Amino acid sequence: MTRFLIPAAIFLALAGVLYVAVVHSPNKSTMQSALLGKPVPEFSLPVLANPGVTLTRAQLQGRPWVLNVWGTWCAACRDEHQTLLDIARQNVLPLVGLNWKDEDDAAIDWLKQLGNPYSVVAVDRDGRTAIEFGVYGAPETFFIDADSRVQYRHVGPMTPEVWEREFLSRVPRGVLP
Amino acid sequence: MKIPMRTRALAGLAALLLGLSLVSVAFDVESMPTPALQKRYDALTHELRCMQCQNQSIADSPVGLAEDLRRDVREQLIAGKTDAEIREAMVARYGNVILFRPPFTPSTAWVWVFPFLLLLIGVFVAARIVRKRTALMASDDSVIEPEDVTR
């Protein structure tokens, strides 16, 4: 009897290990940020359409905010734009845009045509700040708490469900209207 | 003058191959100031994963992000960082996934240990089977008669 039981047990154990590995494999939409729980990098970036103005991490500290990485070259960014506009209308969290490896004129045109959901848009022309944030594709959206720590990172287009489940749920009481 | 078909075909093939080789080097023109740095640059960029691609290193990928990461590696090397420091900086931003060779940590230990464990179990099982059969053969004093074989 054990002749068959032992191989069967080994087979089931192996199948179990592989099943768990496949289910939890790091695919693009679930891969969590390496910065989770850590402060976001210091940055000082020009503000889109405001020559001479810069945005730094220190200016945003003190209340939670959301960083959305986008570019006019990114098709999925167009897909999520309406959701971002709806989110901006809720007026719960400031939406900071990071215009990644784009052109100022194209970015300004985009916001004029589609509407501007952002409180402010920082310009990362050469992609150095995006690397520091561990960005590997647009769009990516970060929830950053009042102490400038990353609490969550969503890869891919923002949806109302993700916004509610992963972002609104992380807003501390008292900040919500 | 009539050029033989074969020569023309060969010339065409040569031109095609030259074109392809030019394409493959077109995006990797960055060079380091010293051969020693160049060697380290080549090694590092080949062991860092291009996060936008499937199983391509940042050295092999033409996408923009890989280009930015190569620039980052180059700048850190020139700034005097060690290979370990550069790897650490990459892992701090992107996690262990960016390394093709995962480090030995509690969560990755099984990846390294499991194959050897399986091998050990296999050796143990094989040894047991061999021992059992040897014992069986030693205790078996029956004689094979010619008619047993022919039957």
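**Close-up views of a predicted two-chain model**

**View 1. Contacts of Leu67(A).** Setting aside neighbours within four places in sequence, Leu67(A) is in contact with Val96(A), Leu98(A), Thr141(A), Phe142(A) and Ile144(A). Contact means C-beta atoms, placed from the backbone, within 7 Å. The model is predicted: local features need pLDDT of at least 70, side-chain atom pairs count only at pLDDT 80 or more, and totals for chains, interfaces and linings use all residues. Residues are numbered from 1 along each chain as its sequence is written, and chains are lettered from A and ligands numbered from 1 in the order in which they are written. Leu67(A) is, with Val66(A) and Val69(A), among the residues with the most contacts inside the largest nonpolar core, which has 51 residues. Such a core is a set of buried Ala, Val, Leu, Ile, Met, Phe, Trp, Tyr and Cys residues joined through C-beta atoms within 7 Å.

**View 2. Helix α2 of chain B.** Helix α2(B) covers residues 35-47. Helices (H or I, at least four residues) and strands (E, at least two) are DSSP runs, numbered from the N terminus. Tyr41(B), Leu44(B) and Thr45(B) are buried. A residue is buried with 20 or more other C-beta atoms within 10 Å of its own, exposed with 12 or fewer, and partly exposed in between. The buried residues fall within an arc of 95° seen down the axis of α2(B), so they line one face. The arc is that of the directions from the helix axis to the C-beta atoms. This buried set packs against α3 and α4 of chain B. On the other side, Pro35(B), Ala36(B), Lys39(B), Asp42(B), Ala43(B) and His46(B) are exposed.

**View 3. Where chain B meets chain A.** Here 13 residues of chain B are in contact with nine residues of chain A. The largest share, five residues, comes from α3(B).

**View 4. Backbone exceptions in chain A.** Most residues other than glycine have a negative phi, and most peptide bonds are trans. Ala49(A) has a positive phi of about 65°. Ala49(A) sits in the loop between β1 (44-47) and β2 (50-56). Lys101(A) also has a positive phi, near 45°, and lies in the loop between β4 (95-100) and α4. Lys101(A) is partly exposed, with 18 C-beta neighbours inside 10 Å. The peptide bond from Ala138(A) to Pro139(A) is cis, with omega near -5°.

Key
Contact = placed C-beta atoms within 7 Å. Expected span 1.5 Å × (residues − 1).
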